[in-house]
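Please read the points below with the sequence and model at hand.

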Amino acid sequence: MTLLAPLFFAGLLAIGLPLWLHRLSAENPNKQRFSSLMLLEAGEPRRVLAKTLQYLLLLALRIAVITLLVLAFVQPTLWRPPQAAASGSARMHIIVLDTSASMAAGDRWDRALDAADDIVDSLASEDRAELIAAGRVVEVVTAPTLDRAALRQSFATVEPGVFPLDFGQLMRALDGIVRGADLPVVLHLVTDAQATGLPTRFGELAPRGAVELAIHDVAGGEGNVAIETLAGSALDGSLTATVQSFDASARVKTARLEQNGALVEERTVELAPGARAQVSFGVLTLAAGPNRVRVSLAPGDDLPFDDTRILALRRPEPRPVLLVAGDLRLQDAFFVDAAMVSLAALALEPQTIAADALAETALEDYEFVVVADAGALDDAARAAVTDYVASGGALLLGLGPRSLSLAEVPVTGETLGGSGLGGDGDAYTSIGTLDASHPALRGLDALRAAKFFRYMPVTPDPADAVVMSLETGAPLLLERAFGDGRVLLFTSSLDREWNDLAVQPVYVPFIAALSNHLLGGAGFSSEAELGSTLALRALGLQGGQIFDPAGEPALGLGGTDDVLLDELGFYELVGGGRNEIVAVNFDVRESNLEPVDAATLERWQALGQPSAAAPTAASAAGTDETVPTPLGYWILFLVLAGLGVESWVGNWHLRIRRGMAA
Amino acid sequence: MPATSEAAPRHLLQPEVLAGLANLDLIARAVVEGFLTGMHRSPFFGFSQEFAEYRAYTEGDDPRFLDWNVYARTERTYIKRYVGETNTRLVILLDASASMGFGSRAVNKLQYAKYLAATLAYLAARQHDAVGLIVFDEQIREHRHPSSRPGQLHGVLHAIDRTTPGTGTDLKKPIERFREFEKGRGLVAVISDFYCDPEAFLKGVAPLAYQGQDVALFQLLDPQELKPELKESALLEDMESGEKMEVSPIFMRSRYREKIEAHIANLKKAAIGMGAEHMLVDITQPLDAALRSYLSFRQRRGGVLGR
């Protein structure tokens, strides 16, 4: 027996009340015989405490009623061994509620809850059940239990999210849960069985082990129209949205374009059933800084998440960059220049000069400086560059053939130990370690394909951060904070002279990433996938803060944790003197509400194998849990019965007393 | 030793002492003898015929009582009167209601009343008076007609002895019975606690007075009825009706005493109003006070009655 609220036992103190009342007597115990009352006058009747209790039956009934009432509040539960479980027919029911975004369409979620209720209703008394919510992650909401009420209550704690659900990943995630069950498992999947959630390989839908699979399809005939893509150019202000209809009937929608909260344009879109349409808006006039662009469809439909799509656009500003070549006849800066020119989004304006002209150039006019071969710098140029960096400039320094004669790196002063490799001409090395979290190397694993035939072994200074090194262990890319500025040192050439990096596809993104980093993150990506994370280090924001679409602080950027983008809308990042926004859009895979066809669903369900009737040893051990039987209703019934009898007995006593008085 | 000879009978009159005597006859004898021994100097000595006075003859007087010697000397007719020259009748009306069973000491009111009734009967018999008895509560429980025959006293004492507390009190019935059967004049001694309405009582007893009876009322009360002492409020139960009443000690100490005194005074006033004698008897007191009152009353009445 379990008492769920033992504090209510304090209510038993109320028994003192009837005990006191039953000692109260209107009749004075000091009773004397007197010859005649003829000359007496009645005094004020005095209620006195009798030495003995009166009306013992009535008292017993009243104490019993109070005790039962207290017990009703205490909610005792009788736990008894489950007979059916002992006989081996108990099963574990895993109820998986699909909480993907498509479940919010129409009344799918209500149907899902009804289906879950029906499942609980159909459970045998000895069966245990647990609730799992399947959305972005698979979350165990309720541990295996025999308590049906707790299970039903847990339904209310789950609701559809904004994430898609991949059924293949779901079945893999459930594998561990199914294997941990100590009873034969029945897997109930309450879902809209969205076709886009199916994995590439059908076999991934098969549950592992002997699991009986029951799919409860709650999909209806809801239609949907979604904005599939929204593309815009910050350079020319063009903006195009792709609208996709998943409806069986033709639809007419109005696409509304808003910029920074103000309505800019409206376009009418006519959509045939299942058709796709492109909506091109007029040229946007972008304001300075980040612009919040939002396109939404009106009127809305059953699935509201994909009726809106957002985009963050920053008006590009030309950024002059100085490329210093050893000799203008040489092409050591050619590849860098070509790459930068191709990076229209960054709006870089590279200008190439010879090293000997450096001393006469006003470096502070440039966003950053790239020296293709450090060996080309004479003393005056070194001094000019050093002053530029120390005063807050950014420098990318390459080490090419002209650097072979150097004993130390210009500006930063690391020791150079001759050239690496290059002996037989065919020997090369590749990138060994790469700090993918560094903003200049993020997503650039393709760099490992590059072959490095020669490089300059550098002994790193303690102030250097080696962010990329070769397989030989020699540093390839170092970063040094110098004065108020910073220096990136690439220990090989930036052209094809010592490596083939310049002809690798990754070269342009690499230069773009380096440029972004040297610009201080100005080329920050303004769009992120729902459910992805913002790598705080990669943003290059120090001491800033990030705000979610509701404007609430999400996480301080001083920490090392990444920020999970789990809401739709604009995330705002403020820090380091910059203000950036990131647009997080709905996953269009969820927009197509089309369910899996009946045949496929049947095949999927057939993948489940009915579990063996006989329990295993583990399942027998699992029957140790006893079955709860709440006694509350029985106790309330007894309270009512007790009150009835108490009233009758009390009335009986009253009648006797009235009779005496008469 | 005069001191001891007076002290011993006096001691015998104490109710507690009398309660130790088993025989009511013995009690009556002891009381009366002791009483008479102690009053040898009293004006009540001797009940033989004794000249009292001459009174002028008036029309209607019996000519047989004319004193012819005086007539011879004075030629005037006089009637000669004596004290106690005739026997009288005593009828005792004994209240045996339940309230008479009350008593806060060793002797309750009924026991005391029985002693008093027996004593009066014995005293009357000793004077050769006819003695009768009516025992009553709500009903007439015993009725013995007055008689001076030998054995009458024994019968009366026996009837008194077997009296026990009964139910309620109804003074009207014994008086009606008395009027119905006792036509001659005499003494009527009513022994009761008189818990009744004085006015109603007056209406009941007045016909006796009109009939020429000399009525003596012995009102017997316990000290707890006269001056009750309650330490705390109590639930008092009427011994006759069984009715209960919560009374406070303050009431019993003040208001009740006033009411019982007023009740006694009213009763006395009513008795005087109809020519009866009222005697309040504290049942813790010796019987001689009551006997003395009775003899005084008899003397006064006897003087009037004698011819």
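1. Basis. This is a predicted model, in which local features need pLDDT of at least 70 and side-chain atom pairs count only at pLDDT 80 or more, while totals for chains, interfaces and linings use all residues. Residues are numbered from 1 along each chain as its sequence is written, and chains are lettered from A and ligands numbered from 1 in the order in which they are written.

2. Chain A. The secondary structure of chain A consists of 13 helices and 37 strands (DSSP runs, H or I of at least four residues for helices and E of at least two for strands, numbered from the N terminus). Among contacts in chain A with a separation of 6 or more, 74% join residues 24 or more positions apart (a contact requires C-beta atoms, placed from the backbone, within 7 Å).

3. Chain B. Here there are 12 helices and 10 strands, and buried residues make up 40% of the 307 residues. Of the chain B contacts between residues at least 6 apart in sequence, 77% link residues at least 24 apart.

4. Cores. The largest nonpolar core has 82 residues, and I95(A), V96(A), L97(A), L187(A) and V582(A) touch the most other members (such a core is a set of buried Ala, Val, Leu, Ile, Met, Phe, Trp, Tyr and Cys residues joined through C-beta atoms within 7 Å). Leaving aside residues up to four places away in sequence, the contacts of V582(A) include A312(A), F570(A) and L573(A). A second, separate core of 70 residues includes F178(B) and L208(B).

5. Helix pair. Helix α7 (residues 172–181) and helix α8 (residues 198–211) of chain B have axes that come within 9 Å and cross at roughly 25° (axes are lines fitted to C-alpha atoms over the stretch in contact, with angles from 0 to 180 degrees between N-to-C directions). α7(B) and α8(B) are therefore roughly parallel. Residues of α7(B) including I175(B) and F178(B) meet residues of α8(B) including V205(B) and L208(B).

6. I134(B). This residue lies in strand β4 (residues 130–136) of chain B. I134(B) counts as buried because it has 25 C-beta neighbours inside 10 Å. Its contacts beyond four places in sequence include P174(B), R177(B) and F178(B).

Definitions and conventions
A residue is buried if 20 or more other C-beta atoms lie within 10 Å of its own, exposed if 12 or fewer, and partly exposed in between; C-beta atoms are placed from the backbone. Two residues are in contact if their C-beta atoms, placed from the backbone, lie within 7 Å. Angles under 35 degrees count as roughly parallel, over 145 as roughly antiparallel, 65 to 115 as roughly perpendicular and the rest as oblique.
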